[in-house]
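User: I've got a model open and want to go through its strands and aromatic pairs. Can you take me through it?

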Amino acid sequence: PVSHDLASNIASILGTPDGQLWVASEGSGVMRLDLAAPDQRVVITRTNGLVSDAVHRVMRDVEGNLWFAQSGGVSRLRANYRAFSNYTATARAGERGFLPSPSINAVIPPSTQPSGAGATWLGTSESGIVGFAGNRVETITTEHGLNHNWVNGMVFDGHGRLWVGTVRGINCLSPDRSML
């Protein structure tokens, strides 16, 4: 065993080009492990800026930003600045929550999409797909033809179609670029 620092289920592992492993757990936060010095690891939790300690997936976009899909929302750790941006469904300071669902299973940042796509796409466990750009938020659910509102994974293909894996099968969507 390399570490017992994370006491919860390991949900995903991401290796980065700079030789780090990011290990997501569903209750103990995320561990950053430097492969050159495995004894020098750091556990990142809500205390350090995550929305939640229940992290379902860690993804890296082409700009090197890390995205953490969590129960409660999604966090982005910019590659050139070690501070988090958080997007949640929780109302704060008298304003309505930004997201319709607190539990995020998948993230597709704008920089990983085919050219012309500028929205961030989120797969939720109760509200289907959420797309947002700036302050505009759109949701795609079973009411719009999605097989199920529990989304586990998403990917864009080279034609700009969004492939969505739900608990009831796969959907293929062609998002209207004017939507966001």
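**Aromatic pairs and strands**

Analyst: Trp121 and Phe156 are both buried, where buried means under 20% relative accessible area, exposed over 50% and partly exposed in between, with a 1.4 Å probe and protein chains only. This is a predicted model: local features need pLDDT of at least 70, side-chain atom pairs count only at pLDDT 80 or more, and totals for chains, interfaces and linings use all residues. Residues are numbered from 1 along each chain as its sequence is written, and side-chain values use heavy atoms, with hydrogens and water left out.

User: How many aromatic pairs are there?

Analyst: The count comes to two aromatic pairs. Rings of Phe, Tyr and Trp (its six-membered ring) pair if their centres lie within 6.5 Å; planes under 30 degrees apart count as stacked, over 60 as edge-to-face and the rest as tilted. Trp22 and Phe68 form an edge-to-face pair, 5.9 Å centre to centre with 65 degrees between the planes. That pair links distant parts of the chain, with Trp22 in strand E2 (residues 20–25) and Phe68 in strand E6, 46 residues apart. Strands here are DSSP runs (E, at least two residues), numbered from the N terminus.

User: Are Trp22 and Phe68 buried or exposed?

Analyst: Trp22 is buried, and Phe68 is too. Trp121 and Phe156 form an edge-to-face pair, at 6.2 Å centre to centre and 65 degrees between the planes. Trp121 sits in strand E10 (residues 120–124) and Phe156 in strand E13 (residues 151–156), 35 residues apart.

User: Switching to E7. What does E7 pair with in the antiparallel sense?

Analyst: Strand E6 (residues 66–70) pairs with E7 in the antiparallel sense over five bridges, and E7 pairs with strand E8 (residues 84–88), also antiparallel and over five bridges. Two strands pair if DSSP finds at least two bridges between them. Gln70 has Gly73 of E7 as its bridge partner, and Arg76 has Ser85 of E8.

User: And the hairpin of E6 and E7, which residue takes a positive phi?

Analyst: Gly72, with phi near 115 degrees; the hairpin has two residues between the strands.

User: How many residues of E7 are buried?

Analyst: Five of the five residues in E7 (73–77) are buried.

Note on methods
Helices (H or I, at least four residues) and strands (E, at least two) are DSSP runs, numbered from the N terminus.
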